[in-house]
Amino acid sequence: MKQFKKPLALAVIALAVTGCMQQQEKFPVSEAAPEAEQDKMAYAFGSTLGEYVGETLNRQEQAEFVLDREIVIAGFVDAIKGDAKISQAEAEELITTMQTQIAEQTATVIGGKAQAEGEAYQAENAKKEGVTVTESGLQYEVLQEGPEDGAQPSATDLVEVHYHGTLVNGEVFDSSVDRGEPLVLPLNRVIAGWTEGVQLMSVGDKYRFVIPSDLAYGERGAGNGQIPPNSTLIFEVELLNIVDPEATEEETVEIEAKQ
């Protein structure tokens, strides 16, 4: 409960500060950035934290769960004055109910759309020349071949890779290429599509994978909404090396959108 109340309050602060509401007599706004250092700190606190919760409210609206932002702000103002119109116990019960409804709406609305778009993309991609579809439904295309004697990893190996991950609409959710730093990871600690796909590669190869949702994050999605439920994922992966576990400290990570 404490984890939820904090972002909710922050959303209200940011919405008030940035002037989202037209009723300025009820919710104060700033015409310009403050000048005094401590005032700037106060403004930065509200605006920075408010951006996060504003984005959360936007994602809820994408799932067709819409909160009246004016009432949200009113609730914050009342609470900060010590004049909340509902009890803490009732508020906690309502928040729990709301979170359940948001999860259901997200799975139905956003997840349903992502599944339909993913299946359509897979059907078209499978027709392309050079694309192979495995028994599991994983699709792959060889973009670059390494040396003929390149080693091939097993499911328990540590591998060093460069990768670029997008949704079917082209939106990037994670990319070691963009960060300019390859990643070392154990193949038995990643999504099933990666475990299967990277084992098909040899060191020096670069593949493009289209990974169905059941080989990725399924109904749960990932990355705080960056990867919606039932999303098909696209990865370009370059296998740089198979790493000796005794020569490096094992890094147990999972490929997914940034938190």
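Q: What should I know about the model and the numbering?
A: The model is predicted: local features need pLDDT of at least 70, side-chain atom pairs count only at pLDDT 80 or more, and totals for chains, interfaces and linings use all residues. Residues are numbered from 1 along each chain as its sequence is written, and side-chain values use heavy atoms, with hydrogens and water left out.

Q: How many helices and strands does the protein have, and in what order do the elements run?
A: Helices (H or I, at least four residues) and strands (E, at least two) are DSSP runs, numbered from the N terminus. Here there are six helices and seven strands. From the N terminus the order is α-α-α-α-β-β-β-β-α-β-α-β-β.

Q: What share of the residues counts as buried?
A: Buried means under 20% relative accessible area, exposed over 50%, partly exposed in between (1.4 Å probe, protein chains only). In this protein, 38% of the 259 residues are buried.

Q: How do I compare the span of α2 with what its residues should give?
A: The expected span is 1.5 Å times one less than the number of residues. Helix α2 covers residues 37-62, 26 residues in total, so it should span 38 Å. Its end C-alpha atoms lie 37 Å apart, which agrees.

Q: Where is the kink in α2 centred?
A: The bend at a residue is the angle between axes fitted to the seven residues ending there and the seven starting there. In α2, a kink of about 30° is centred on Glu 51. After α2 comes Glu 64, with a positive phi near 65°.

Q: Is Ser 47 buried or exposed?
A: Ser 47 sits in α2. Its relative accessibility is 17%, so it counts as buried. Other buried residues of α2 include Gly 50, Val 53 and Leu 57.

Q: Which residues of α3 are buried, and where do they fall?
A: They are Arg 69, Val 72, Ile 73 and Val 77. Seen down the axis of α3, they fall within an arc of 135° (taken from the directions from the helix axis to the C-beta atoms), so they line one face of the helix.

Q: Which residue caps the N-terminal end of α3?
A: Asp 68 does, with a side-chain oxygen 2.9 Å from the backbone nitrogen of Glu 70. After α3 comes Gly 82, with a positive phi near 75°.

Methods: Polar contact = N/O pair within 3.5 Å; in protein donor to acceptor, adjacent residues only side chain to side chain.
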